[in-house]
Structures are given as C-alpha cells and as structure tokens.
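Please keep the sequence and the structure in view while reading.

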Amino acid sequence: MNLSPILLFVYNRPHHTKQTIEALQKNDLAKESELFIYSDAPKNESAKQDVEEVRSYIKSIDGFKDITIIEREKNFGLADSIIDGVTEIVNRYGKVIVLEDDLVTSPYFLRFMNEALEFYEYEEKVMHISGYVYPIDNSGLNNTYFIKPTTCWGWATWKSSWSCFKKDASYYIEIFDKKMVNDFNLNGAYDYFSQIVANKTGEMNTWAIFWYASVYINGGLSLHPKESFVKNIGHDGEGVHCGKTSVFDVPLSNKHKFKFETIIKENIKARKKFEDYFNSIKPRFYKKFLVEILKMLKIYNFAQNIHRKMRIK
C-alpha cells in the first residue's frame with residue numbers, strides 16, 4: 001500500500017497526548033508511516049507551561065518513518081488549526097488520516113484506515129472513513145457499513161472529497177429545508193444542525209459539523225466499522241468542546257482483517273441503531289443539564305440572600 005500520512009493535532013494536554021502517541025506507536029504500520037504533528041500556540045499565559053511540556057515531549061518521540069513538527073507561532077484554535085493542517089497535507093499527498101490529542105487507537109487502526117482509503121479511492125460517493133463508532137447495539141451489522149453522518153474521532157479522507165469542504169454557516173442555514181434538517185439530525189435523535197446555528201451566532205467555533213454538512217450536501221457517505229478502532233479519552237472535562245461523560249466509551253477492536261462493504265448506499269439498519277443510541281442517552285444529558293441549572297439557581301439564591309443581608313445591615 002501507498003500509506004497515508006498521519007496528522008496529529010496537539011495543544012496543552014501532555015498526559016492525553018502521551019497516551020495518544022504511545023498507542024499510535026504500537027500500530028503495525030506506524031514505522032512505515034509519516035507523522036505530522038501540529039502544535040498550537042498558547043491562547044493565554046496560563047496555557048503556556050502545558051504547551052511547552054507537550055512540545056518538549058513530541059520532540060522526543062520516535063517509532064515512525066518520519067516525523068514533522070509544526071509549531072504554530074500564534075494560537076489558531078482547534079477548528080482553524082485542523083482546517084489549515086488537513087488542507088495543506090491532503091493537497092500535498094492526496095489523502096490523510098487525522099487524529100487529535102485525546103484519541104487512543106487500536107493497534108490495527110492504521111491498517112483499517114489505509115486499507116479503506118485504498119479500497120474506496122475511486123468511489124466518489126465515499127467521502128469519509130471513520131475509525132470511531134459510538135457504542136451502539138451492533139448486532140446484525142456487517143463488518144463495515146455506510147451512514148451519512150461523519151465522526152471526527154480518528155478519520156480519513158481524500159483530496160477530492162476535502163475539496164468540497166465549506167465552512168459557511170449562513171450557506172447551510174439558507175439551503176437546508178425542514179426535511180433536510182430532520183434527515184441531517186437522524187430524525188431528531190441528535191441535533192447536529194444546532195451546531196451550525198451556534199457557529200453562526202458565535203457561540204461556537206468548530207469545524208467537524210461543517211465537514212458533515214459538506215459531505216451531506218454533496219450526497220456523500222461515511223464508512224464506519226462494526227467495532228471501534230478509536231477510544232476518546234478526552235471526556236474528562238479538560239478538552240475543547242468536550243464535557244465530562246462516559247457515554248461515548250467503547251472497547252477497542254482487535255480485528256486485523258477487514259471485509260469492506262461493496263454496496264455504496266446508506267445502511268438503514270445501522271442508521272436506526274445510531275438513532276436508538278442517541279435517543280437512549282438523551283435522558284442522561286437532560287438530567288445533567290437540570291443538575292447544572294439547579295446548581296446555578298442555588299448559587300443565585302445564595303448571592304441574593306447575601307445581598308439582602310448586606311442591605312439590612
């Protein structure tokens with residue numbers, strides 16, 4: 001195989017970064033692969049020490065065919081850093097495998113991604129390869145399958161597909177009608193589209209939702225494995241746009257031989273299992289949201305009581 005370059009985006013989490021790289025080093029194609037590490041600059045003074053610790057560590061690693069480190073001189077932020085890095089490398093090499101600094105991979109992650117990239121290279125409808133799959137009920141599913149949503153926790157694509165990427169919230173808000181929004185949101189199981197709106201209002205600055213929207217609007221599909229080759233260890237409250245939760249935890253696949261889906265269309269059974277999973281975790285998120293609201297009310301009431309006492313005095 002003509003192996004794809006690997007992109008790893010790191011920032012200020014040395015402990016997570018170390019786990020990510022150590023797992024990647026154990027991949028059976030690591031020594032034959034080129035690794036590009038994009039290190040973002042500190043956003044503020046408080047992040048400086050951790051960024052320096054991460055940069056010191058990544059300069060000490062080996063285990064790959066070649067390692068290129070790109071140290072940003074200014075803070076790009078995760079979204080802009082990924083868009084810039086993926087665009088640069090995929091345009092140079094024609095394909096790319098992308099990881100962030102909180103993703104632990106199976107030893108067969110690189111093999112799965114590279115073989116999938118080679119297998120579907122000339123299938124225009126296949127625009128995204130996912131290494132991660134949510135902890136759905138996967139009984140009855142094939143070893144691989146296609147659905148419309150993409151995932152950003154260990155993924156790959158080609159230059160031809162990435163050329164369709166468009167980060168323009170106003171554009172999608174204008175062209176998506178109610179039927180499209182409902183389909184995009186997996187029949188209301190997960191409100192993906194609200195992220196586009198949040199980017200429009202400035203509440204968020206993300207990239208992954210626009211990649212899904214770009215694939216969706218171009219009629220593309222995302223290949224998923226039956227069992228996940230990636231585990232996200234970043235939901236401990238430290239990451240960007242990641243809260244503290246265990247609902248996305250998955251065991252890592254040990255499969256090293258793959259049977260790729262040859263029927264290029266969305267697997268309705270798999271889609272329904274995704275919908276069932278997202279619907280099943282909604283109560284947990286609502287409960288968490290309610291707890292946070294109650295905490296805020298208690299703080300508010302406490303402040304109001306203090307204020308009243310001060311006025312009485």
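Is D102 buried or exposed? With a relative accessible area of 3%, D102 is buried, where buried means under 20% relative accessible area, exposed over 50%, and partly exposed in between, for a 1.4 Å probe and protein chains only. D102 is placed in the loop between β4 and β5 (103-105). Leaving aside residues up to four places away in sequence, D102 touches R13, H16, T20, K231, N232, I233 and G234; contact means heavy atoms within 4.5 Å.

The model is predicted: local features need pLDDT of at least 70, side-chain atom pairs count only at pLDDT 80 or more, and totals for chains, interfaces and linings use all residues. Residues are numbered from 1 along each chain as its sequence is written, and side-chain values use heavy atoms, with hydrogens and water left out.

**Overall composition**

The protein chain holds ten helices and ten strands; helices (H or I, at least four residues) and strands (E, at least two) are DSSP runs, numbered from the N terminus. Of its 313 residues, 47% count as buried. Among contacts in the protein chain with a separation of 6 or more, 82% are accounted for by residues 24 or more positions apart.

**The sheet and its helices**

Eight strands form an open sheet with mixed pairing, in the order β3-β2-β1-β4-β8-β6-β9-β7; two strands pair if DSSP finds at least two bridges between them. At the edges stand β3 (66-71) and β7 (144-147), each of which pairs on one side only. From one strand to the next, the twist averages 25 degrees.

Helix α2 (residues 45-58) lies across β1 (6-10), β2 (34-39) and β3, and runs at about 165 degrees to β2. For such angles, axes are lines fitted to C-alpha atoms, for helices over the stretch in contact, and the values run from 0 to 180 degrees between N-to-C directions. Helix α4 (residues 109-119) also packs on the sheet, where it touches β1, β4, β6 (126-130), β7, β8 and β9 (221-225). The direction of α4 makes about 150 degrees with that of β4.

How many residues of β4 are buried? Six of the six residues of β4 are buried. Both faces are covered, with K95, I97 and L99 on one side and V96, V98 and E100 on the other.

On one flank, β4 pairs with β1 in the parallel sense over four bridges. The bridge partner of F9 in β4 is E100. Strand β4 (residues 95-100) is also joined by four bridges to β8 (residues 155-158), and these two strands run antiparallel. In β8, K95 has W158 as its bridge partner, and V98 stands opposite W155.

**A residue of strand β9**

L221 lies in strand β9 and is buried, with a relative accessible area of 3%. The C-alpha atoms of L221 and V126 are separated by 5.0 Å, although the two residues are 95 residues apart along the chain. Residues up to four places away in sequence not being counted, L221 touches several others, including K125, M127, F146, V215 and I264.

Most residues other than glycine have a negative phi.

| Residue | Phi | Relative accessibility |
|---|---|---|
| L186 | about 55 degrees | 2%, buried |
| N187 | near 55 degrees | 46%, partly exposed |

**The cavity**

The structure holds one cavity of 30 Å³ or more. On a 1 Å grid over the protein atoms alone, a cavity is a set of points where a 1.4 Å probe fits but cannot get out, and lining residues have an atom within 4 Å of a point. The largest cavity has a volume of about 60 Å³; grid points are joined across faces, edges and corners, and a volume is the space filled by probe spheres set on the points.

Which residues line the largest cavity? The lining consists of F112, N143, T144, P225, K226, E227, F229, S253, K255, K257, F258 and K259. These residues divide into four nonpolar, three polar and five charged. In that division, Ala, Val, Leu, Ile, Met, Phe, Trp, Tyr, Cys and Pro count as nonpolar, Asp, Glu, Lys and Arg as charged, and the others, Gly among them, as polar.

Terms used: 1 Å grid on protein atoms, 1.4 Å probe; cavity = no way out; pocket = protein on both sides within 12 Å on 5 of 7 lines; lining within 4 Å.
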